[in-house]
Each structure stands twice: as structure tokens, then as C-alpha cells.
Amino acid sequence: MRVLLVEDDEDLSGRIAAVLRSENFVVDIARNGEDALHAGLTELFDVAILDLGLPKIDGVSVLKGWREGDRNLPVLVLTARDGWPDKVSSFKAGADDFLAKPFKVEELVLRLRALVRRAAGHAASRLVCGALVFDAQLGTFELDGLPLKLTALEWRVLSCLMLRKEMIVDRRELTERVYDGDAEVDSNSIEVIIARLRKKLGGERIETMRGRIETVRGRGYMLTAAAAS
């Protein structure tokens, strides 16, 4: 899950980013409205956290710019201004949720996960693909009823595929959602992660209905419930 964090307070944005990264989010930070507007229009994000009081361009104008540019990522507005008029202007501009400062970071994480899940078309928090179960609210995976241990990168890839199960996910999209924007990415890194996930999900021999990652040549990958063999 890749999040665009738009917050000009360096201490606050640093604390939020640290917690989100510990929860397996990929975090890009913009500290003014101009950079935020550009990032939201040109890069892929699963969700955005947007402060209203920003330098250069205010948060509501940034949000309007995204929506006018057909960027439909879910947006959680974050502000110290807790008045009803600010909420109204945010929602009219296209906000999906609203959280006033001060707040618990744990609540922020839960709200972000819910926004990403609903944006992917899932009302329930528990997603099932064969014997693979993903609790999108808690961020946990189970396989055959047992916890599935994953590295941070494996978790990011598998959660992206799970939220779009039975759909083809482009390789470039996976890469952008798995790695930080300034990370050096090896050309074969996604293939390596996919290979490790396949091994953890049961390898090539499928004996029961369970999640299976298929390669769609020239297009990307798809998580599907494999038929029993």
C-alpha cells in the first residue's frame, strides 16, 4: 500500500511516516501543496493523507486539482481546524475521510486500510482466496488457518495482489506500490519476490484450493484460487 503523506510539519510527518512504514506502507512525503499536486497527478498511490494548511497551495485546492485531473485515489484530510465548514469544504472537494489533530496514529492506520480496501471494492475486512485469508484491517495473512510469515516486501506484493484478486496487476504498478520512490530497484526484484511467495503458498504442486500467483505474459500477475489437482 503506497501512501502520499502531505504534511508541512517535519516532526509530525516524520512520526507518521515511521509508524506507517512499520505497518508495511510505502510512504512518499510532500511538504507543500505544489509538490503534492504534482505527485498526486503523476504517480500511483493507494491513498493520500492531506493536511489543509499547506505552503504554496492550500490542501483543498490540491484536492480539487487531483479530482479535476481524474485522480480518484482515496484521500483522508488531516487538519487542526476541526470546524464544520472545513469538513464541508473538504468533502465537497472530494475527500473520503476526515481526521482532526490531535489523533492516535493507530486510528489513522485503521482508517487508511479501510479506505484502501473499500477503494478496491471490498466491503468486508477479511478477503479470501482459496485457503489464503487476508485481514485487510489488521494487516495479517493466514494460510490453511495458520499465520503466514512474510517479509515486508512479500507482504506488500501479496496484499496488492489480494486486494485485486482475480485481476491482472501490471508489473510496473506492483513495483511502484512496493518500493519507496528513491529506492534502487533491481530489474528482477519483483520476479524474485513472486517466486518466494509461490513457494510459501505451496509451490507449483497444488493439492487444495489455495491462493496461486499466475504470470500473465506481457501483462503482469494475478492471484487466483487454484483448482484442486
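# Close-up views of a predicted model

**View 1. D51, the annotated site.** UniProt, in an unreviewed entry, lists D51 for "modified residue: 4-aspartylphosphate". What we show here is a predicted model, so read each panel with that in mind. D51 sits in strand β3, which covers residues 47–51. Is D51 buried or exposed? Its relative accessibility is 5%, so D51 counts as buried. Which residues touch D51 once its neighbours within four places in sequence are set aside? The contacts are V6, E7, D8, G59, L78, T79 and K101.

View 2. D9 belongs to the loop between β1 (2–6) and α1 (10–22). With a relative accessible area of 37%, D9 is partly exposed; the partly exposed class is what lies between under 20% (buried) and over 50% (exposed).

**View 3. A cis peptide bond at K101 and P102.** Most peptide bonds are trans. The bond joining K101 and P102 is cis, with omega at about -5 degrees. P102 is found in the loop between β5 (97–100) and α5 (105–119). K101 has already turned up in View 1, as one of the contacts of D51.

**View 4. Two loop residues with positive phi.** Most residues other than glycine have a negative phi. K56 is not a glycine, yet its phi is positive, at about 70 degrees. K56 lies in the loop between β3 and α3. Its relative accessible area is 63%, so K56 is exposed. D70, also not a glycine, has a positive phi of about 60 degrees. The place of D70 is the loop between α3 and β4 (75–79). At 62% relative accessibility, D70 counts as exposed.

**View 5. Helix α2 against helix α3.** Here α2 (residues 33–42) packs with α3 (residues 59–68). Their axes are 9 Å apart, at an angle of about 20 degrees. Angles under 35 degrees count as roughly parallel, so α2 is roughly parallel to α3. The crossing of these two, α2 and α3, is right-handed. On the α2 side the contact is made by G33, A36, L37, G40 and L41; on the α3 side V62, G65 and W66 take part. Sorted by class, the contact of α2 with α3 has 5 nonpolar, 3 polar and no charged residues.

**View 6. Helix α3 against helix α4.** This panel keeps α3 and brings in α4 (residues 84–93). What angle do α3 and α4 pack at? The angle is about 15 degrees, with the axes 9 Å apart. That is why α3 and α4 are roughly parallel to each other. The crossing of α3 past α4 is left-handed. From α3, the contact uses V60, L63, K64 and R67; from α4, S89, S90 and A93. By class, the contact of α3 with α4 has 3 nonpolar, 2 polar and 2 charged residues.

**View 7. Helix α6 against helix α7.** The axes of α6 (residues 152–163) and α7 come within 10 Å and cross at roughly 130 degrees, so α6 is oblique to α7. The crossing of α6 past α7 is right-handed. In α6, the residues that meet α7 are L153, R156, V157, C160 and L161; their partners in α7 are L174, R177 and V178. The class count for the contact of α6 with α7 is 6 nonpolar, no polar and 2 charged residues.

**View 8. E173, in α7.** E173 lies in helix α7, which runs over residues 171–178. Is E173 buried or exposed? Its relative accessible area is 18%, and buried means under 20%, so E173 is buried. Leaving aside neighbours within four places in sequence, E173 is in contact with L44 and R164.

**View 9. The whole chain, for context.** Zooming out, the protein chain has 8 helices and 12 strands. How many of its 229 residues count as buried? The share is 50%. Among contacts in the protein chain with a separation of 6 or more, 57% come from residues 24 or more positions apart.

How values were computed. Residues are numbered from 1 along each chain as its sequence is written. This is a predicted model: local features need pLDDT of at least 70, side-chain atom pairs count only at pLDDT 80 or more; totals for chains, interfaces and linings use all residues. Side-chain values use heavy atoms; hydrogens and water are left out. UniProt positions are given in the numbering used here, feature names are shortened, and annotations may be inferred rather than shown by experiment. Helices (H or I, at least four residues) and strands (E, at least two) are DSSP runs, numbered from the N terminus. Buried means under 20% relative accessible area, exposed over 50%, partly exposed in between (1.4 Å probe, protein chains only). Contact means heavy atoms within 4.5 Å. Axes are lines fitted to C-alpha atoms, for helices over the stretch in contact, and angles run from 0 to 180 degrees between N-to-C directions. Angles under 35 degrees count as roughly parallel, over 145 as roughly antiparallel, 65 to 115 as roughly perpendicular and the rest as oblique. A crossing is left-handed if the near helix is turned anticlockwise from the far one by less than a right angle, and right-handed if clockwise. Ala, Val, Leu, Ile, Met, Phe, Trp, Tyr, Cys and Pro count as nonpolar, Asp, Glu, Lys and Arg as charged, and the others, Gly among them, as polar.
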